[in-house]
Amino acid sequence: MAHIITALILIPLAGALFVSAARPNHARGTALGFNALIAILALILWRTFDGTAAGLQLTERHAWIPAIGAEYLVGVDGLSLLLILLTSLIVPFAFLANHSGRGFCTLMLIMQSALYGTFTAQNFVLWFLFYEMSLIPAFLLIKIWGGENRDRAATKFFLYTFLGSVAMLLSFLGIYFAKGTFDFGTLAVLGKGGLLTGKLAWLAFAGIFLGLAVKVPLFPFHTWLPDAYETAPTGVSMVLTGVLSKMGVYGFVRLLLPLFPGQIKIIGPWLLTLAVCSIVFASLAAWAQRDLKRMVAYLSINHLGYCMLGLFAVTASPVVAAKIDMQAALSGVFMQIFNHGVTASALFYFVGLLEQRRGLRGINDFGGLMQRTPLLCGWMSVAMFSSLGLPGLNGFIGEFLIFKGSFAIAASFTAVAVIGLLVTAIAFARAMQALFSGSLAESCSAFPDLFRSEKLVIVPVTLLMFAIGIAPQFLFNIFNTTVLQMTRLFA
Amino acid sequence: MTRAIVTNLWLIPAAPLAASLIILSLANSRRSAGAVLAIIGQVVALTLSILAFSLTLQPPGFRAVHNFTWFMFGEQGLRIGWVLDPLAAAMLMMIALVGLCIFIFSIGYMADDKNFTRFFAYLSFFSGAMLGVVIANSLLLLFVCWELVGLASYLLIGFWIEKPSAAAAAKKAFITTRIGDMGFFLGILWLYDRSGTLLFYDDGRGCLENAGLIALGASATFVALLIFCGAVGKSGQFPLHVWLPDAMEGPTPVSALIHAATMVAAGVFLVARVYPLFSLGAINGVTPSLSVVVSIGVITALMASLIAIGQFDIKRILAYSTVSQLGLMMVSLGVGGVAAGMMHLIAHGFFKALLFLGAGSVIHGCDQEHDIRKMGGLRRLMPITFLTYAVGMMALSGMPLFFSGGWTKEEILHATAHWPASRLPYYLMLAGIVLTALYMTRQMIYIFSGNRRAASEHAHESAPVMTMPLIVLASCAIVLSVILTPAWPWLHGYLTGESARFDIAVLIQPTLFVSLALVAAGIALGFAIYRKAAETDPLEDAQPALFRFFENKMWLDELYDRTVIAFTQMAARMSDWTDRNVWDGLVRAFGGMGQIFGSFTTNFDERGINAGVDEATTGTRGIGRVMSAWHSGQIQIYLRAVGVSVLLLLVLYAWLT
Amino acid sequence: MIPTLQLFLVVSVTLFSIGLLAALSRRHAIFILIGIELMLAAASLNFIAFWRFGPQPRPPTGVMIAIFSIAIAAAEAVVGLAMVIAVYRHYRTTNVDQFDRLKG
């Protein structure tokens, strides 16, 4: 069990090798087989993980490049485990959403490996390596298998995120020259007493902030996202929104917030404003979209905005927050990370199903689907209701806790953010009206309802949504101790 | 025994919910199975409700709670639970009983619908969620069920989804109520922040108990008003009432169950449930938040009554009467008459369900015609419907003595009359009573008397499966008047936790005569105006402008369209536009700058640096070309060259030495 | 006629010149090889002549070198002929004028 994390990182890579050598029509099967193996490993990791112990677990440490303080250091805490489980859930789901060939599967597996690496690496050099390693496959996947405007969207995506990464790398070099370490744990401890001083601190902060804000994305660094998500093939959109966007949030939790508490406190209100803008403007923009995929993309920004609101409320607010509120907000953010991953991927999956059947995905290209495909409409509605935060489904738990925690700390910002909840509901209600109701559109009259293979994908995911919505304790158990630890760190 | 029942109180909502899930998984063709399952679920809920109700009949002021931790986050747990007290028990009885009647009625009414099973699944789902609202002992659990109720309402309004108007109405209802719910949500957050708990009752630590209320302090007013926002949305109070009349697009049993008897009353129930928040710090029974409740209630009640006079759709008239009655209940709560308001709620649940089912029967008999101008003379054709409808009409108008609505209305009037803040609500309520009697008389005359018109030519009495629930509900409306009689204020005492004494003298009160006179005046006025009612409305002929104003719902929908909705849509378009042009434009400008810089350096490279290098390479290539011509590749030529060179060297050597 | 060093050297120079001429002017690869063999033979003759007319007594160095060079010449002829055959197979000709792949 000692090398389970390394195994998690390496098995997708091995899978990528196998897939690239497999016969084209076996590629997806092989990739799914490897994912089954990975899922088993992830479950073993979950079983092995001690939810009550603080700090990193199952760490592996090897010297790598001692000269620059880079070492191979991986380990998991509650947040990492949560994201590993999420990745293991979303990636196979994404494979099932696309008819994919060898190249596609290979790149996806490489990306998966990079994701595991990003979520477990505890040393900046290693982390950055994996962080960038996920970028290239994503770029190629959009560029080669994307829809209309794929070149433009892929280039925009790549340049945007790469620029952010470069800024972040420079900042970290600055930190390294000042402090001589790349180790996250050590840096976090140093960060409590102010890592850097003066202009250098602000420069380093700005660089890292830029890199992560682009990745999340946070308003106004989000404009690559609608294009990229809209153009990417369904499976890639699912992974992008389900897991890749979480890398940014993860980065905020792991890097920026512990390292620069002082800077964040000073510009706190501005950060909160950005988060609220993400929430409100993205939901409004989602309402105005005509393209379903673009709408879901904007709602993705909106939902990650809630995560950022919670995080900034905990760290950026000038008010000294009560412990329980910080715990509520952080728990909510972690819940939201997982729930948004599941729900947004499911939504992209459904949009993909509609697109497969119709060839188009404009909101007005459909009509009266309820009469023709009641099952598709029913299950899709569940995903939509989950996304708009209907109680009883998974989305509500995270949003409630985020709002509970943030309201106590930053009441006015939170009150404005509630508009986002409302407009999200409007956007979905409009979409449901346009898609499902009215008389059956002629172009949709030959739609098949859900196939057995599609049901096999949808039903477990939907059941998971219900399970989290009704009895979320099993998820909280994963990260409760981590929440307590971070509360102490940020307090 | 008590413990066991309270602990397992969740079974009451769970039974219909489970039924709903099972029905959803049935094939669309298993129609009878669907209906039977739904009714079994409802009967189970009713049986358990009776059991729970019988518990609360014990000493006045019975209250039992069962709290537990839903989940732990960080170091603390989020606790929810259920409560059994007279308020909850009375609501449980009303919902389960009215629900059952409506379920049975639906079997007849929806008999021809192709999505029959789905209809019962939704109805059961609604029933479960609504029962959940009632027993919740946590504001959060209440909110959860509250939203599920909203979802059920959304699904049922849009049940005939192929009708665009139904889908639009469903969307409108969902969004309008959600506007209120967002206020409610903020209220929950605020309350949670201040009191640290969302449990209503928790052995003295709940947010409605002393400790919680003290922690709230001055913010109670705001919390109460925010929670009231939710009630305004759900209960169709001004200014969020616009969805309720549109919701009549749903099947009539839905209108009866959700948009008359139960769900819309949830707002009133909510205010009654968290009443301590409203009345905290009351001086003489008046607080700012309660005053707001009274004003909203009065405005709603009067406005809706006036609009009802100008409507021709049989269900819309009833919808506006619902809105106005809900306003009345709010007024009652606002002036301190919680028990009166709740009693009216329960009585209203029965007789309004009765009226809606009667309307459903009429519509069913008249081939889905909704316009009362096209009906007429149905009295003889549909006698049972007529009689039961008349009972409902009397109860709604507030005819005292034998009809349940009368007593409760009178009690509300009584409470309003003694409100210390102002007498205005009292007088306006009196006007409202006249108006209610007026528009109900108008409706009765149009539908049941006079000549038959277009739609009533082939009208027929409905099947027993539909008339039986009518009879049951009508009997309830009359029997309730016994329970509600002020001479033996048993229900009043039950709700307020006081013991009741029998005192016949209380019957003879000035307000009794006042309300009797007002109702009589209203009915008489109605007869006077509408006696000769025909295709056109007499009032329309007399006062066209005023009538137009009422008929068009005071143009509130248009006003909202032009202001709020237009504004938010513009905001959405603006967001999209700024996203595409401003933010993305900035990015493009940044990229463009890069491109310009790139092309500049390219040019510099080409023209400046590269030119010299190019020259050098060209020269080198030229030399190379010449030299390469000498290299023929013929070894013998190379050898000859070697030979000649050696000879030359020898000659040179010889010459030098 | 007394054999003198000059006589041997004249024969040797003649042999060498004939060989050189053959190597430079013949078009056929085998003739060029024969020319090269002739030049080698001239060189061997020189070795033996200088050894024979050099100061006495001495070890038979000249003879040894001549024997070595004959052996090497044989080996070289084998390689040369093999190459000629290989080239012939490739170009279908033994005319060296057409072997100009080395041209720059």
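Helices here are DSSP runs of H or I with at least four residues, strands are DSSP runs of E with at least two, and both are numbered from the N terminus. By that count, chain B has 27 helices and 2 strands. What you're looking at is a predicted model, in which local features need pLDDT of at least 70 and side-chain atom pairs count only at pLDDT 80 or more, while totals for chains, interfaces and linings use all residues. Residues are numbered from 1 along each chain as its sequence is written, and chains are lettered from A and ligands numbered from 1 in the order in which they are written.

Let's stay with chain B for a moment. Its C-alpha trace spans about 165 × 65 × 50 Å along the principal axes. The radius of gyration of chain B is 38 Å, whereas a compact globule of 657 residues would come in near 26 Å. (That radius is taken over C-alpha atoms, and the globule rule is 2.2 Å times the number of residues to the power 0.38.) Of the 657 residues in chain B, 54% are buried. Buried means that 20 or more other C-beta atoms lie within 10 Å of a residue's own, exposed means 12 or fewer, and partly exposed is in between, with C-beta atoms placed from the backbone.

Now for who touches whom. Two residues are in contact if their C-beta atoms, placed from the backbone, lie within 7 Å. Chains A and C have no contact, and their closest C-alpha atoms are 40 Å apart. Where chain B meets chain C, each of them puts in 10 residues. On the chain B side, helix 27 (residues 635-656) gives the largest share, 5 residues. That side splits into 2 nonpolar, 7 polar and 1 charged. Here Ala, Val, Leu, Ile, Met, Phe, Trp, Tyr, Cys and Pro count as nonpolar, Asp, Glu, Lys and Arg as charged, and the others, Gly among them, as polar.

Two helix pairs are set out below. Axes are lines fitted to C-alpha atoms, for helices over the stretch in contact, and angles run from 0 to 180 degrees between N-to-C directions.

| Helix pair | Angle | Axis distance |
|---|---|---|
| Helix 7 and helix 9 (residues 198-215) of chain A | about 150° | 7 Å |
| Helix 16 (residues 338-365) and helix 18 (residues 383-397) of chain B | about 145° | 9 Å |

In chain B, the residues that meet include B:Phe351 and B:Leu354 from helix 16, and B:Tyr389 and B:Val391 from helix 18. The contact of helix 16 with helix 18 in chain B holds 8 nonpolar, 5 polar and no charged residues.

Back in chain A, helix 10 (residues 224-231) has 8 of its 8 residues buried, so this helix is largely enclosed by the rest of the structure. Among the buried residues are A:Trp224, A:Asp227 and A:Tyr229. Their cover includes helix 6 (135-145), helix 7 (150-179), helix 11 (234-259) and helix 14 (292-316) of chain A.

Leaving out residues up to four places away in sequence, C:Val84 touches C:Ala29, C:Ile30 and C:Thr94. C:Ile67 is 17 residues from C:Val84 in sequence and 25 Å from C:Val84 in space, C-alpha to C-alpha.
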